[in-house]
Number of protein chains: 2
Amino acid sequence: MEADIVIRGCLVLTMGKIDVIERGLIAIKDGAIIYVGREDEAPNFKADEVIDGRGKIAMPGLINCHTHVAMTLFRGIAEDVELGVWLRETIWPLESKLKPDDVYYGALLGFIEMIKSGTTCSLDMYLYEDMVAKAAVESGIRCVLSSGIFDVGHKMLGKILLKKALSLVKRYHGGEKGRIYVMLGPHAVYTCSLDTLRKVSEEATKHNIGIHIHLAESEEETINIKETHGKSEVELLNEVGLLRSNLVAAHCIHLSSEDISLMAKNNVKVVYNPVSNMKLSSGIPRVKDLLDAGLIVGLGTDGPASNNCLDMFETMKVAALLQKALYRDPRVLPARKVVEMATIDGAKVLGLNNIIGSIEVGKRADIILIDVNKPHLTPLHNVYATLVYSARGGDVDTVIIDGRIVMRGRMIKTVDEYEVMRRAAEVSQDLLSRKGLKEIFLRILTKK
Amino acid sequence: MEADIVIRGCLVLTMGKIDVIERGLIAIKDGAIIYVGREDEAPNFKADEVIDGRGKIAMPGLINCHTHVAMTLFRGIAEDVELGVWLRETIWPLESKLKPDDVYYGALLGFIEMIKSGTTCSLDMYLYEDMVAKAAVESGIRCVLSSGIFDVGHKMLGKILLKKALSLVKRYHGGEKGRIYVMLGPHAVYTCSLDTLRKVSEEATKHNIGIHIHLAESEEETINIKETHGKSEVELLNEVGLLRSNLVAAHCIHLSSEDISLMAKNNVKVVYNPVSNMKLSSGIPRVKDLLDAGLIVGLGTDGPASNNCLDMFETMKVAALLQKALYRDPRVLPARKVVEMATIDGAKVLGLNNIIGSIEVGKRADIILIDVNKPHLTPLHNVYATLVYSARGGDVDTVIIDGRIVMRGRMIKTVDEYEVMRRAAEVSQDLLSRKGLKEIFLRILTKK
């Protein structure tokens, strides 16, 4: 049989119906998986490219369900400060000075970091999202894009941003033969009027596309909404018709049990961002309760400015640790469930589980190979525990996305990573020097 | 001037009186630092070995203040189970079957992992600690050893183990020209009788050496002690004369404010093990309160069976994240303080701050070089934030311990790491097959 790529001799974690295949073989043709099973039972494949998978784990690429990838540019600029200071005195002033090219280089840098740490698909929300799209196309990553929509009381702003978001849908949704998708991205209940949220709801229905939103991230926000509207954020989302199965809600920290029930009833998708939640002291989502209610929960890094990295292996570990600490029970969120959240459940969150999230025949080939011949991964008694508690992004050796080898032997094949690093550092430095920003940063950077 | 090693052109984080040197030079002779400062102001050194430090951060090697290094062998064996099950049904039965050679290979594997992730010194407590000493000597790491002492009601056992511990002192304390030190290691208040603790106190005074103990790790333990003795663990330690400035107490989670005051009054040293505390759901130490009381706090990974790695970069990040989450304040434990805890404060905890913990003239040369020319470390706006929130063990390029290059370009120079990995995996597998263990593990491994 003919194939484009064959991976031989690896331990395969399918995350599908079969659990683990010890000496496995995976065959890929035209971007799709055409065989996965034991090597000694496999047909004889003729392949253009044969990858020696011995001493490696093959698993589905990790799915980062919530990030703002271009925020790599802000990494390390305002650290260990209060959320209000962070947002109002740093992030928002910086974002107001952003140019499209900055976003392009910031996103490209972030996508390289993602690929190098085993992420093959991410859900993004940001400004100049067409530049993020361009970077996604070039880097070879699979991406769901959402152009941030907010109005903060300015009706016209909401209209303009929604229009922009719809033009992104038209231009990119389903692009690159189904490697790029688009959702609508109303930023949050507290930054959008009900009118704007309603319009988003209508357009999402009309175009049959998903919606990505921040939900119940800060306690202050949820209290303010309740005081203003007499209802919770979840109830308001229900009222405007956004509480639906293709709504992807990031954070979900400050929820009542009624909110959780309402979300579960409507099959809303949740993204848990443990590192960012801890770093910004936003509170801790009760993920066990969300799962027990029947909700599907994926994992996200959030933007690299509140993390400060995009390594989903780290996120997997912290995701498990934080829930164990919260519930005071080491059995909560076991390793296998965490790997599911980072792969097949993440695919469900994005509505892409028919094409990615597991290594199964017929799915697109988003596959990573992890080199386990390392001191910190020895001995290998439990593959799930090794992946969640001992492995890290740097252990990923090879990354295949949509059947294309985008990294091999830790070398990025699609773009010049050193050139991207150089340009991203340059635009980041230039951004800081733009008019009016100096005063703000001098104040923050000189704080102890 | 003559030197053995010169490192040129690096950004130096001294963690001493000078903060950051942008284009720095470090000169090393006979294991000691003889110059640190700006490269353009440095004398002209003739050196046997010149290391190009451009694009790298030089900083003091990280100090892991609490581990059981040989437990690498158990990594991944019992995961996501209750503490009681973990200890009584897995760890203790396994330990009862351990042979000296197992400990040797387990420790050597762990020391390699430590060096590869930038740790240059650790405080260890375990069985067959002479085998850990042997592995420390061979790997080139700096180490403080403590041979575990406990009696759990068997008076003779306490005597035998104390005798063993004292013979370790005689054999290794100050060995390898001051690279190996020994402390006495009474396991915990709940595993030692007051009589044994008193004898440990006397011997520690007699030999003028430090003491390492687990303190207030589990809530159950502290409640039981209070019920049995009518006193807290800290009060009991005070009673037996162990509450002193060279007592290194790991965990310190379940303490009253009276306990904290008493510890601060006696200048006890504390070790914070955030990853292990979360993974075992032991509770969260109130580190801000401990620091506010004036206590010196170092960082530890704890044993790799409850972590499951020895990466101090990860521990630095989780250390900061967990305190921010606990106090609901992102300003708590800022990046710079965390780097101090992992270097100079760690040295103070071990009583070795006169020889290690900072890059200063006269100190021993325990130095690591971090390669920052990587996507996830770009841009570099804030060196402390980059080290704590973005860097990881795999970014360490070169490790110098006591003036000897033990790793360069990520290659270990002292031992054959692949051979050690092979042997450690073998003994670990063999250990599991020993009589009586199969039944226990079948039960645990088949649990979901």
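Which residue just after helix 2 of chain B takes a positive phi? That's B:Gly118, with a phi of about 90°. Keep in mind that what you're looking at is a predicted model.

Chain A averages a pLDDT of 95, and 97% of the residues score at least 70. For the model, ipTM is 0.97 and pTM is 0.97 too.

**Helix 2 of chain B**

Let's stay with the helix we started from. Helix 2 of chain B covers residues 100–116, which is 17 residues. From first C-alpha to last, this helix reaches 24 Å, close to the 24 Å expected at 1.5 Å a residue. It's mostly covered, with 15 of the 17 residues buried.

**Two domains in chain A**

Now over to chain A. Domain 1 comes in two pieces of sequence, 2–60 and 365–409, while domain 2 takes in 62–349. The C-alpha centres of these two domains of chain A lie 29 Å apart. Where they meet, 19 residues of domain 1 are in contact with 23 residues of domain 2. On the domain 1 side, helix 15 (383–390), strand 15 (396–401) and strand 16 (404–408) of chain A each supply at least two residues. Helix 15 of chain A gives the most to that side, with five residues. Sorted by class, the domain 1 side has 14 nonpolar, one polar and four charged residues.

**Where the chains meet**

Chain A also touches chain B: 51 residues of chain A are in contact with 51 residues of chain B. Helix 2 (100–116), helix 10 (274–279), helix 12 (312–327), helix 15 and helix 16 (417–432) of chain A each put at least two residues into that side. By class, the chain A side has 26 nonpolar, eleven polar and 14 charged residues.

**The nonpolar core**

The largest nonpolar core holds 322 residues. Those with the most contacts inside this core are A:Ile26, A:Val132, B:Ile26 and B:Val132. Take A:Val132: setting aside residues up to four places away in sequence, it touches A:Val69, A:Ala70, A:Val103, A:Ala107, A:Asp124, A:Tyr126 and A:Leu145.

A:Arg179 sits in the loop between helix 5 (175–178) and strand 9 (180–186) of chain A. Is A:Arg179 buried or exposed? A:Arg179 counts as buried, because it has 22 C-beta neighbours inside 10 Å and the cut-off for buried is 20 or more. Beyond residues up to four places away in sequence, A:Arg179 touches A:Arg142 and A:Asp402.

B:Glu203 belongs to helix 6 (residues 194–207) of chain B. With 18 C-beta neighbours inside 10 Å, B:Glu203 counts as partly exposed. Neighbours within four places in sequence aside, B:Glu203 is in contact with B:Leu162, B:Leu166 and B:Leu184.

Here's how each of the two pairs up with a residue elsewhere in its sequence.

| Pair | Apart in sequence | C-alpha to C-alpha |
|---|---|---|
| A:Arg179 and A:Ile359 | 180 residues | 17 Å |
| B:Glu203 and B:Arg422 | 219 residues | 40 Å |

Notes:
Residues are numbered from 1 along each chain as its sequence is written. Chains are lettered from A and ligands numbered from 1 in the order in which they are written. This is a predicted model: local features need pLDDT of at least 70, side-chain atom pairs count only at pLDDT 80 or more; totals for chains, interfaces and linings use all residues. pLDDT is the predictor's confidence in each residue, from 0 to 100. Domain bounds come from an automatic or database domain assignment. Two residues are in contact if their C-beta atoms, placed from the backbone, lie within 7 Å. Helices (H or I, at least four residues) and strands (E, at least two) are DSSP runs, numbered from the N terminus. Ala, Val, Leu, Ile, Met, Phe, Trp, Tyr, Cys and Pro count as nonpolar, Asp, Glu, Lys and Arg as charged, and the others, Gly among them, as polar. A nonpolar core is a set of buried Ala, Val, Leu, Ile, Met, Phe, Trp, Tyr and Cys residues joined through C-beta atoms within 7 Å. A residue is buried if 20 or more other C-beta atoms lie within 10 Å of its own, exposed if 12 or fewer, and partly exposed in between; C-beta atoms are placed from the backbone. The expected span of a helix is 1.5 Å times one less than its number of residues.
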